[in-house]
Amino acid sequence: MIELTHDGVGRIVEVGGQRPLPAELPVLPLRETVALPDTLIPLAIGQERSVKLVDDVLAGDRMLVMVAARDTQTESPGPDQLYDVGVVGSIARMMKVPDGSLRILVQGAERVRIDGWVRETPYLVAQITELPDVLRESPELTALERNVQQTFAEIVEQVPYLPEELQVAVANIDDAVTLANLIAGSLRLKTEEKQGLLEEPDVQRRLRRLAEILAREAEVIQIGSKIQSQVQSELEKGQREFVLRQQLKAIQVELGEFDEAAAEAATLREQLDAARLPEDARAQADRELRRLESLPPQAAEYGVIRTYLEWLAELPWAVSTTDNLDLQHARAVLDEDHYDIEQVKDRIIEFLAVRQLTAAAGEQPAGSILCLVGPPGVGKTSIGRSIAKALGREFERISAGGVRDESEIRGHRRTYIGAMPGTIMRALRDAGSRNPLFMIDEIDKMGSDWRGDPASAMLEVLDPEQNATFRDHYLDVPFDLTDVMFLTTANTLDTIPRPLLDRMEVIQLAGYTADEKLQIAKRYLVPRQIERNGLKKSWISFSDGALKAIITDYTREAGVRGLERVIGTVCRRVAREIAESGGRRPAKRIAIGEERARELLGKARFHEEARRRTREPGVATGLAWTPVGGDVLFIEAAAMPGKGGLTITGQLGEVMRESAQAALTFVRGHAAEIAPGVEDDWFATHDLHLHVPAGAIPKDGPSAGITMTTALASLLSGRPVSGDVAMTGEVTLTGQVLPIGGLKEKALAAQRNGIRMVIAPAANEADIEDIPEHLRRHLSFLFVDDVREVLNAALEPARGVARAPDAAAASLGGEPG
């Protein structure tokens, strides 16, 4: 050790008659351990090279160098992975273990520096030089010694793993170097911190660093003790209350003074404990529970508080189901329950794939609310059931149709008589888990009045940024809805408020073609109706011809709800025949063919009207979009002697009236081109009448523009419109055809009504991809930019002089738009 005298001259002081150090010594790498001088270090030796090293050292002078590894994860660290400063040690004791490893006890001695490496096999050997301590006697050094001794003594009193003997040993040490080594070796410090203390030659600076480490450890121990005392206090308080309540119950039972109100309060407390409420909700429940215990059962408020606490205890605060995110399983479930609608299925699989990846990364999936929009009967609600089935979640349906009171969503405040939670909290209780699938049906049919706007309340429910703290007015505590999966359904988007629509991703379900309906009927509807009407599959069968006749002649809808009803009618009438004949099993299977189906159902309800109604000039077939699917729209035009007036009837909206004016302006401006030879004053000497039948149904929208133009051109030229052509598109004064919406729905309506060609705007050509391929094979599309192309394709050759028919065909109601 180097000791500095008062004149600053250093002299070497020999300590305890130590042996001179060899120039080279074997090196034993240490993992997660740093050896310090003047300490005993127990080590476990397992690696083959380390066992060889110990055997050779024991056969020699028993001396080695212990050096810590920089990376504790490296199994066999090399020279570059070891620190440069270590400690010479002498093996004091060795013990062999049955598994072949060794246990040794090493006495640390001098601190040395690695100057170079002699060899690496069979174990490391290095050149070393001693690194002596630098000790400068001063008052500051003395103060540091005392500070370190006092702080370490306080730590020993509070840390279980430090024996009390250390406190006495440290107090009796006068040497600063020994003091620092003993304390540093006793504490559980990081490898980097211990190595830093070892490499510091200046004893005073080493003690200062050790004092900082001890101060930090003392603060951590103090904070840990404070936390432990708080936890212990809470546990003791809960245990004390439990014991006292049990004793009170036993005393009351012994005295025959058993209090039913107290028993009820105790039951509620047990239910609240089992519900595992969040901290703020539990604090509210405890306040109400104390109020309940202080009230007599006869008090009016007693029942209100009890009901409130029962609601809190019944909600699934900590109960959830595990999602099944297997995409193949989800696809199989969707294919089993629904035919076709591939676009919808693909989007749902994508939705589940995102949840699978975010769950694998341990992240909260971004909230996404799907809104299924389509006509009635296309399977919107059943898709929701299939998604819940695929995920393994509970399914709850909430009907929003006709809801006009905000309290239906958020609940009533408890100050009102008969108050109860809103439909969201009620559905959560019924589901029994905090992550069900909620299907909010008919979200487009919510209203609003003086009682509030339920659509605004629904914003908080569906917005992922807000529903983490959804607060029902009745419960008045926040409930986290982020784990709930929301699906909504609607027939139209027009009546959904824009802020609410922005929260949802819209998926359109346009309806089914005749071929799709046939497959759906065979796979799902017929088996279900056979079972529901008490029949068996071995008793009755439906041919494809019968089902096609039912689809075309007895139903006309976008979905399949009416189709299922008609199939049910056939099954009921067959069931009646079987019951009237004694209820016995038929001798042979009853085959329902086309003729048998017509016999059971009576005359057909629907016919292909397009050809009949467009036989005379002045009638054109348009296509309309309605909330219940697409439909055809017959527009008729008539002329009579007059002064050039225009009459428009059929309960048309303002937009549709303007389309009629634009159509008339184009036809008047191009009369010579449309009907060569027409008199110049024909429009001045005739009044025109445009009519859209089904006048009881309001109609509006711009897409009937080319249909009105075609009807007027047909009237003027005397050329009837082809009976197998229908059209849709907005017209301008210059004859341009502008794009429209709902092409798929309109194409399905055209197929249902026997149309063979659909004329649509060229800008809608990209929408052809949404139309099923099998429908495109049976229905031709003509995409046009100019109304002249429409007239050339739709009008038949002239058969005579242009004269207006007295009447034309009627139309089914709809909104061309």
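E442 is partly exposed in this predicted model, with a relative accessible area of 24%, a value that falls between the limit of under 20% for buried and over 50% for exposed. The residue sits in the loop between β12 and α15 (454-462), and its phi is near 55°, a positive value in a residue other than glycine. E442 is also one of the residues in contact with N491, which lies in the loop between β15 and α16 (498-502).

- Strand β15 (residues 485-490) has 6 of its 6 residues buried, so the strand is largely enclosed by the rest of the structure.

**N491 and its surroundings**

- N491 counts as buried because its relative accessibility is 9%, which is under the 20% limit.
- Although N491 and P375 are 116 residues apart in sequence, their C-alpha atoms are 5.3 Å apart in space.
- Leaving aside neighbours within four places in sequence, the contacts of N491 include V373, G374, P375, P376 and K380, as well as E442, D444 and K445.
- The contacts of N491 also include W625 and P627, and the domain assignment gives domain 3 as 325-506 and domain 5 as 607-792.

**The second largest pocket**

- The second largest pocket has a volume of about 700 Å³, and of the 28 residues that line this pocket, H338, G377, G379, S382 and R528 are the closest to its centre.
- Two or more lining residues come from each of α12 (380-391), α17 (514-532) and α19 (561-580), with α17 giving the most, 7 residues.
- Sorted by class, the lining of the second largest pocket holds 11 charged, 9 nonpolar and 8 polar residues.
- Domain 3 (325-506) and domain 4 (512-598) both give residues to this lining, so the second largest pocket lies between them.
- Elsewhere in the domain arrangement, the C-alpha centres of domain 2 and domain 4 lie 57 Å apart, domain 2 being assigned to residues 258-312.

- A search of the whole structure finds 3 cavities of 30 Å³ or more, and the largest cavity has a volume of about 60 Å³.
- The residues that line the largest cavity are L36, P37, R111, D133, A180, N181, A184, L197, L198 and R206, which by class are 6 nonpolar, 1 polar and 3 charged.
- Both α4 (176-186) and α5 supply at least two residues of the lining of the largest cavity, and the largest share, 3 residues, comes from α4.
- Helix α5 is mostly covered, with 7 of its 9 residues buried, and these are T191, E193, K194, Q195, G196, L197 and L198.
- T191 belongs to helix α5 (residues 191-199), and with a relative accessibility of 14% this threonine counts as buried.
- Not counting residues up to four places away in sequence, T191 touches E32, V34, A68, A69, T72 and Y83.

**Other backbone features**

- The peptide bond from T121 to P122 is cis, with omega near 0°, and P122 is found in the loop between β7 (102-119) and β8 (125-130).
- Q651 has a phi near 55°, a positive value in a residue other than glycine, and its place is in the loop between β21 (646-649) and α22 (654-669).
- With a relative accessible area of 42%, Q651 is partly exposed.

Notes
Residues numbered from 1 in each chain as written. Predicted model: local features only at pLDDT ≥ 70, side-chain atom pairs only at ≥ 80, totals over all residues. Heavy atoms only, no water. Helix = DSSP H or I, 4+ residues; strand = E, 2+ residues; numbered from the N terminus. Buried < 20%, exposed > 50% of the residue type's maximum accessible area, 1.4 Å probe, protein only. Contact = heavy atoms within 4.5 Å. 1 Å grid on protein atoms, 1.4 Å probe; cavity = no way out; pocket = protein on both sides within 12 Å on 5 of 7 lines; lining within 4 Å. Points joined across faces, edges and corners; volume = space filled by probe spheres on them. Nonpolar A, V, L, I, M, F, W, Y, C, P; charged D, E, K, R; others polar. Domains from an automatic or database assignment.
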